[in-house]
Amino acid sequence: MSTFKIKDVLTRVYNSKRPAVADLELLLSMATAPETRILYAYADQVRKKFAGNGILLRGIVEFDNNCRNNCLYCGLNRKNKHIKRYRLTQSQVLDSVARMAAQGIKTVVLQSGEASDLDAEWLAKVIREIKQRYHLAVTLSVGEQDVRMYRLWRAAGADRYLLKIETTDREIYRSLHPDMDYDRRVNCQRNLKNLGYQVGSGIIVGLRGQTKHSIARDILFFKRHEFDMIGIGPFIPHHQTTLAKDNKGEALLTLNALALTRIVTRYSHLPATTALGSLEKDYRITGLQAGANVLMPNFTPQPYRRYYELYPGKRCVNEAVGACVPCLARLAAGIRRHLDYSYGHTLIKKIGEGKHG
Ligand code: SAM
């Protein structure tokens, strides 16, 4: 497509309150180097204007890999009998958080599978301790839970919650999540928003049955719901799941979706995801030049890190706790950006910086 035509469509998409699905599909199809250069440069400008030049850090602790769900793409699904299951103790979680705080990181992401016996009080206590001792922003990513649990954790001090929709195509959603319900997931996101959490969504790119049309609709969903953060990563097949033989998601389509999400949502925090960095090369670098403004160093202690195997080949599984930050500083310097050690609360004005922290 000509440079003139691409720029014309980009301007239309950027300025529209409800961009046309056909325009988004067209831009998702950019494939040649000159085409993607224009798309990513546009997204990069939008990122600079609305999210600044810094790269925010979110330290992640994967504290429990038990799960009651059977997401067909995920290595943690309950039917996978080959992985070693673990649950960290409170002091193991807090040790990791201490290491993170000592490196100046201001956000911890506490992530887990959806353990059927997750103790809400246990997690509330961890949140309180983190707030009292280290004053970090706390993001939870522990799946679909009862609203009373969301309320308890919010009262304990949790600021944000990540619950990716994975795909907004109901048919695909149903086929990949045999005993889950799309509306329940959307309802959880609504409950979280009503409780004052900063809410994150996101998708996996390259899922069985997914098309550019459905990804275009995902991006419109992100715009409608004004998510504070949106994670977009490629599907990576796990050999012990039903989707073992499926193709992995393409870096190109993932990057195009990321760039368009920046252009359409403007203010959302967008990580250059670990999955994007776990393909044949580290595409997080391209991601950061195509709209992303967040990196997520891993602070899960050894020897547990390798057991949180959502997909194989996950980067940094053998690194020691704390080793990721110097590496990310080099990565940022390589693209003339800097790591940003601020809280990095939502940029979406209606929620506001003042309420959290
Ligand atoms: N259980 C929580 C939930 O459902 O939100 C959080 C943990 S879940 C294991 C974390 C994320 O891993 C999911 O949102 C999904 O997008 C991603 N994931 C799982 N398997 C994957 C795969 N094979 N390839 C890429 N991403 C995957």
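Analyst: A polar contact here is a pair of N or O atoms within 3.5 Å. The model is predicted, and the distances below are computed from it.

The side chain of Lys164 has an N or O atom 3.0 Å from an oxygen atom of the ligand, so the pair falls within the 3.5 Å limit of a polar contact. Glu166 also reaches a ligand oxygen, with a side-chain N or O atom at 2.6 Å. For Arg185, a polar side-chain atom lies 3.3 Å from an oxygen atom of the ligand. On its own the ligand has 560 Å² of accessible area, and the protein covers 92% of this.

The shell around the ligand holds 18 residues. Lys164 and Glu166 are among the closest, together with Tyr73, Ser112 and Ile236. By class, the shell has 10 nonpolar, 5 polar and 3 charged residues.

Next comes strand β3, which spans residues 107-112 and includes Gln111. The side chain of Gln111 makes a polar contact of 2.9 Å with that of Tyr308. Beyond its sequence neighbours within four places, Gln111 is in contact with Ile60, Val61, Glu62, Phe63, Asp64, Ser141 and Tyr308. Its relative accessible area is 15%, so Gln111 counts as buried, the cut-off being under 20%.

Strand β3 is also one of the elements against which the buried residues of helix α5 pack; the others are β2, α4, β4 and α6. Helix α5 runs from residue 120 to 134, and its 15 residues reach 21 Å from first C-alpha to last, close to the 21 Å expected. Its buried residues are Ala120, Trp122, Leu123, Ala124, Val126, Ile127, Ile130 and Lys131. After the helix comes His135, with a positive phi near 55°.

Strand β6, residues 198-205, contains Val199. Val199 has a relative accessible area of 0% and is therefore buried. Not counting residues up to four places away in sequence, Val199 touches Tyr161, Gln189, Leu192, Lys193, Phe227, Asp228 and Met229. Asp228, one of these contacts, is 29 residues from Val199 in sequence, yet their C-alpha atoms are 5.5 Å apart.

Technical notes
Residues numbered from 1 in each chain as written. Predicted model: local features only at pLDDT ≥ 70, side-chain atom pairs only at ≥ 80, totals over all residues. Heavy atoms only, no water. Near = heavy atom within 4 Å. Polar contact = N/O pair within 3.5 Å; in protein donor to acceptor, adjacent residues only side chain to side chain. Areas by Shrake-Rupley, 256 points an atom, 1.4 Å probe, with all protein chains shown as cover. Nonpolar A, V, L, I, M, F, W, Y, C, P; charged D, E, K, R; others polar. Helix = DSSP H or I, 4+ residues; strand = E, 2+ residues; numbered from the N terminus. Expected span 1.5 Å × (residues − 1). Buried < 20%, exposed > 50% of the residue type's maximum accessible area, 1.4 Å probe, protein only. Contact = heavy atoms within 4.5 Å.
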